[in-house]
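I opened the file and kept notes as I went. Each entry records what I looked up and what came back.

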Amino acid sequence: MQILWFKCNEIIPGVLIALIAIILALSGFLVSRELQPLNDTEYLCNMASNSETKLEEFKQEDHTAFVLGFTGEVGKELLKELKRTRPFKKIVLIGRRIIDLDPDFGPEFEQKKVDFDNITDYKEVFDGIDTGFCCLGTTRGKSGSEGFVKVDHDYILNSAEVAKEKGCKHFTLVSSQGADKNANLLYTRIKGQVEEELKVMHFDRLSVFRPGVLMCDREESRPGEAFFRTVLKPFSYFFPTAITTPTDVVAKAMVRVAVSKTENTTELFENKAIHALAGNVKCKVKKKSSNTDADQDL
């Protein structure tokens, strides 16, 4: 059979073989990532365990928080989780515009409009707030290279400096899987540079989250990302912690870390660790009793 100049009986089998080879190779890669051992298992699982008790203890301490990037996909899920758990007596939502919030959020959620290009003119917004969540981010496709660097580097670091000056003790950043200050790719290089520059600000506690491909239904049109997520969706079902992360999982992990106490000043949570913090990875915690140690499944 021949269509135009294509010999289908020769081309189709070759294409099928190539597709099968690609699928097998990708599956092998995902299996290896899925089975990769989780570092600091006991630490992560202890943080994820007894979350309700830790939440209630945290509430008694009257903490306050701010959220940067609350209109993005992770930011919106973080707001939902903060509304559900209500760990802070006050939450300031800092952004470039005021949005309509559901009345269910309550009076503890306040919105403040700022100009991130001149964030030092809005220092009072950060006054006395001890916990910060940063979900700021854009893409080169949406904002161009210069716009991407401005948002994902300048806005984040400038805001962090002001927050630190005004009393922020615990700063939480949503970064990206593969972040590396020495990377050739602009996206991962900027993410890595921001992580390193935040470390030298010496917050009392810095928590960095590196999720994989964010699985969500974006309101804004990003055809390339939508296609990639569609392709990955069946793989994410069979290999949930390999390279994908639902945005609600990131949000749950962020809140659980915020309400947990630790002596670590800098924490880095890779994709699988984020799933573990959200309770999506079955692990065992050593539960001490008067006579012996017992394992408790989570």
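**Ground rules.** I take helices and strands as DSSP runs numbered from the N terminus, a helix having at least four residues and a strand at least two. The model is predicted.

**Confidence.** I checked pLDDT before anything else. The protein averages 84, and 76% of the residues score at least 70. Over residues 288–298 the pLDDT is below 50. That stretch still has 23 contacts in the model beyond near neighbours in sequence. I leave its details alone, because low-pLDDT coordinates should not be read in detail.

**Overall counts.** I found nine helices and 13 strands. Of the 298 residues, 45% count as buried. I then looked at contacts with a separation of 6 or more. Residues 24 or more positions apart account for 69% of them.

**Strand β8.** Is β8 covered or open? I went through residues 205–209, and five of the five are buried.

Next I looked up the partners of β8. Strand β7 (residues 170–174) runs parallel to β8, joined by five bridges. In that pairing V174 stands opposite F209. Strand β11 (residues 266–269) also pairs with β8 in the parallel sense, over four bridges. There S207 stands opposite E267. With helix α6 (residues 186–199), the two strands make a right-handed β-α-β unit.

**S176.** I stopped at the loop between β7 and α6, where S176 sits. Its relative accessible area is 10%, so S176 is buried. Which residues does S176 touch, leaving out those up to four places away in sequence? I listed Y187, K191, F209, R210 and P211.

**Helix α2.** I read residues 41–48. L44, C45, M47 and A48 are buried. Why do they sit on the same side of α2? They cover an arc of only 155° around the axis, which puts them there. Just after α2, N50 takes a positive phi of about 50°.

**M47.** E267 is the one opposite S207. I also took a C-alpha distance. M47 and A253 are 206 residues apart along the chain, with 9.6 Å between their C-alpha atoms.

**Nonpolar cores.** I looked up the largest one, which has 37 residues. Those with the most contacts inside it are V67, L78, L82, F133, M254 and F269. Which elements each supply at least two residues of this core? My list reads α2, α3 (51–59), β3 (64–68), α4 (73–85), β4 (90–95), α8 (247–258) and α9 (271–277). The largest share, eight residues, comes from α8.

Apart from this core lies another of 31 residues, among them F116, V125, L136 and F203.

I then followed L78. Not counting residues up to four places away in sequence, L78 touches V67, F133, C135, A251, M254 and V255.

**Positive phi.** Most residues other than glycine have a negative phi. I had N50 already, at about 50°. D62 has a phi near 55° and is not glycine. D62 lies in the loop between α3 and β3. Its relative accessible area is 46%, so D62 is partly exposed.

R86 is another non-glycine residue with a positive phi, near 50°. I placed R86 in the loop between α4 and β4. Is R86 buried or partly exposed? R86 is partly exposed, with a relative accessible area of 29%.

Terms used: Residues numbered from 1 in each chain as written. Predicted model: local features only at pLDDT ≥ 70, side-chain atom pairs only at ≥ 80, totals over all residues. Heavy atoms only, no water. Buried < 20%, exposed > 50% of the residue type's maximum accessible area, 1.4 Å probe, protein only. Arc of directions from axis to C-beta. Pairing = 2+ DSSP bridges. Right-handed = clockwise from strand over helix to strand, strands pointing away. pLDDT = per-residue confidence, 0-100. Contact = heavy atoms within 4.5 Å. Core = buried A, V, L, I, M, F, W, Y, C linked by side-chain atoms within 4.5 Å.
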